[in-house]
Amino acid sequence: MSFLTYVVSLCSAAWVWTTVLADTECGIASAQGQALVIDGRKANSSEFPWHVGLYVETPALTQVCGGSLVQPRVVITAAHCAYRDMYGTLFKPYEMKVSLGSSFRDWNQKTTEHVQRRNVTRLFPHPRYRGTRRNYADDVAILELDRPIEVNAYVLPICVDFLSNRGPSLQENSVGKVVGWGTTNDGKPSPVLQSAEMPFIPFETCERVVPAEFVPFLTSDKFCAGHVDGAQVARGDSGGGLALQQDGRWFLAGVVSVGVPNKRTYAAFTRLDAHITWINEVLKKVKKDSSKGYEWVPAKLGDIPCRGVAGGLSKDGEPLYVGRFPFRGLKTSATIIPSLKKAIVTWGLLAHESSTYEVLCLTGGVISWGSDADGKYPAGALSVSDDPKTPIFVCRIVLHSSGHALVLGKMSPGSHCYIPTSDGREDISQTYDVLVLRNEGNS
């Protein structure tokens, strides 16, 4: 049997890490979990408050992996959870969603008010990850959520030793906990969250016990954990974290990566400490980008996956959102019309449309609309272009021909405001409002 068919990725539960944050508690779980009776089933809702269900549109919304919340807007999971190995491509962020605070796998399962759901706005797979081509080496990814979760007893980050000097270490007597909705004895995913204790296994022991075909997947950033003929991780548990306890707090030590199919033996986990430098670099970038007060989030078919800017209003009263998409090599201001499932830009007397686009999402910024005219624009005007030499601003005007609709458009320095009309063309105005955005911290 070839390596490609022998190894099975354990998709369905992500792993995550979190250090003790200055302003957020981490790694605290109730001793037994709070027992709730929901539709006649018992579920522990707070024993693993950092655990995340990762769902992908395939095309229906399906749970494919797990993950761990490490910061209020950050989840860590396995890279293969977001990777189409057959094609060597990633899922788009707008195809992914997460659920926290629920013990049930089914997205539509009746549950409690403690459940929190978020869209994924950015995906950061490890830059060296190549799936089966590199035997699942560097199998780790970071997901940025569209807005922070609300920390409480039911949803809480797990601790991460970001400095590699404060958390528990993996050693022969270490025993961690793993949680997920993986395949059970009947060959189907578990409908409710399952947990198991997994002892750390030294490399020499693991190499001697697992089948020879599995040894190449024990790459330098992996460790083994589990049992022989005992509780196992299974298909559907990928990305789930192996957590170790120290001084009453749980720390993320590894990520469920790959295992041996149809055999009860040890599984391979991605070591957290092998990737701490990269993780810190990504988290620094997320924090820096969030400080701008806004982000451009990929979306499609009229979806607004965040706190979007509804700067316009159709004649029927439908909100029109600020977006952008590339046209003729330049990202251009676009009007997102949810009911039509598309975004529209104007260019050269005609309106052009796209079903995929980016949404302007607020992450702490404050917007206002400054009046101007004749190609001028107020200080703080937000450019949608990535090229500082060719700024394009978001403008809007009241279009009387469309029933007093407040229509979004685009303008460049020295030009007028160009807006799309209902007949697929563009209209021009010398007076307009321009979108201004400032960070709340500077207001």
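**View 1. The link of Cys65 and Cys81.** With -85° about the S-S bond, the link of Cys65 and Cys81 is left-handed. Cys65 lies in strand E6 (residues 61–71) and Cys81 in the loop between E7 and strand E8 (83–84), so the pair ties together parts that are 16 residues apart in sequence; strands (E, at least two residues) are DSSP runs numbered from the N terminus. The sulfur atoms of this disulfide are 2.1 Å apart, a disulfide being a pair of cysteine sulfur atoms within 2.5 Å. This is a predicted model, in which local features need pLDDT of at least 70 and side-chain atom pairs count only at pLDDT 80 or more, while totals for chains, interfaces and linings use all residues. Residues are numbered from 1 along each chain as its sequence is written, and side-chain values use heavy atoms, with hydrogens and water left out.

**View 2. The link of Cys395 and Cys417.** Here the torsion about the S-S bond is about 85°, so the disulfide of Cys395 and Cys417 is right-handed. Cys395 belongs to strand E27 (residues 393–399) and Cys417 to strand E29 (residues 417–420), 22 residues apart. Both Cys395 and Cys417 are buried, meaning under 20% relative accessible area, with exposed over 50% and partly exposed in between (1.4 Å probe, protein chains only).

**View 3. Strand E12 and its partners.** Antiparallel to E12 run strand E7, joined by 4 bridges, and strand E11, joined by 5 bridges; strands pair if DSSP finds at least two bridges between them. Leu143 of E12 is the bridge partner of Val75, and Leu145 that of Val120.
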